[in-house]
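Work through the exercises below with the structure open beside you. Try each task before reading its solution.

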Amino acid sequence: EKSSKIKAIRDLQSAIKTIRYHGLRVAKFCRMEMLLQTAKRMSEICMSSVLQAEDAIRLPSCVNNLGEYLTASSDNIREAGGNAIAAYSFSSLEQYIPFYLIHTARIVVGGPKPTTMNGIESLDRTGSVLYRDLKGATSFENSFWDEEAAANSFEMSAIFISLMEISLNDLEAHYRGNSTQFSDDDYQLMFAFTGPRRRGDARRFNLLKSKMKTLKNAR
């Protein structure tokens with residue numbers, strides 16, 4: 001009887017190890033799938049015709065699609081695998097999505113198609129909508145949602161997008177006070193971008209950067 005109890009305990013321990021092993025693999029798979037599907041949907045934003053819209057502000061259809069995907073995935077993963085696997089699957093998305101949004105803005109800024117004020121506003125609203133949808137999808141017990149990281153990351157993407165709509169003089173003023181906020185490559189892209197309120201001039205960025213360097217060395 002004692003030996004049978006010991007065997008039962010060992011069998012249980014073995015089963016727990018197996019579940020943990022496969023649970024970790026499932027969690028990693030879900031996380032990778034979540035990142036891939038998010039990136040795939042967000043990659044469609046820069047090809048949306050709403051960025052050239054003159055008549056109204058609309059969200060790209062892929063943004064609504066992503067919001068629905070996040071909500072459905074959260075429900076399905078928690079139901080099938082529990083909150084722990086869902087928490088791991090969604091972890092750090094509050095930083096990845098703003099990163100993808102900034103990269104989308106880079107593609108738009110460097111692309112050949114003109115972007116309207118409505119299109120820029122659409123990008124800005126995209127950030128707000130995805131913040132809301134992601135926060136809703138991760139509002140379950142033991143979620144890894146980081147409110148501070150989310151606020152900082154989405155604010156940074158909003159600032160980057162806002163640089164598309166200001167005049168060249170305002171862009172210069174922003175760079176003077178926030179030269180390290182984004183990379184020089186990003187600022188060069190922005191200065192070269194012809195938007196609703198400015199005609200792009202990459203040389204102006206180089207001159208401004210040179211002037212600031214000279215003033216700094218003279219102090």
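A residue counts as buried when its relative accessible area is under 20%. The model used here is predicted.

**Exercise 1.** Decide whether Y187 is buried or exposed.

Solution. The relative accessibility of Y187 is 1%. The cut-off for buried is under 20%. Y187 therefore counts as buried.

**Exercise 2.** Classify the aromatic pair of Y175 and Y187, and state which helices the pair ties together.

Solution. A pair of aromatic rings is described by the distance of the centres and the angle of the planes. The structure holds 9 aromatic pairs. In the pair of Y175 and Y187, the centres are 4.8 Å apart and the planes make an angle of 80 degrees. Planes over 60 degrees apart count as edge-to-face, and the pair of Y175 and Y187 is of this kind. Y175 has 4% relative accessibility and so counts as buried.

**Exercise 3.** Classify the pair of Y175 and F205, and find how many residues apart the two are in the chain.

Solution. The ring centres of Y175 and F205 are 5.2 Å apart, and their planes stand at 75 degrees, so this pair is edge-to-face. Y175 is in helix α7 and F205 is in helix α9 (residues 202–218), 30 residues apart, and the pair links these distant parts of the chain. F205 has a relative accessible area of 1%, so F205 is buried. Y175, Y187 and F205 belong to a cluster linked by ring pairs, which also includes F160, F182 and F191.

**Exercise 4.** Describe how α8 packs with α9, and which residues meet.

Solution. The axes of α8 and α9 are 7 Å apart, at an angle of about 135 degrees. This angle makes α8 oblique to α9. From α8, the residues in contact are D184, Y187, Q188, F191 and A192; from α9, they are A202, R204, F205, N206, L208 and K209. Sorted by class, the contact of α8 with α9 has 6 nonpolar, 2 polar and 3 charged residues.

Definitions and conventions
Residues numbered from 1 in each chain as written. Predicted model: local features only at pLDDT ≥ 70, side-chain atom pairs only at ≥ 80, totals over all residues. Heavy atoms only, no water. Phe/Tyr/Trp six-rings, centres within 6.5 Å; stacked < 30°, edge-to-face > 60°. Helix = DSSP H or I, 4+ residues; strand = E, 2+ residues; numbered from the N terminus. Buried < 20%, exposed > 50% of the residue type's maximum accessible area, 1.4 Å probe, protein only. Axes fitted to C-alpha atoms, helices over the stretch in contact; angles between N-to-C directions. Parallel < 35°, antiparallel > 145°, perpendicular 65-115°, else oblique. Contact = heavy atoms within 4.5 Å. Nonpolar A, V, L, I, M, F, W, Y, C, P; charged D, E, K, R; others polar.
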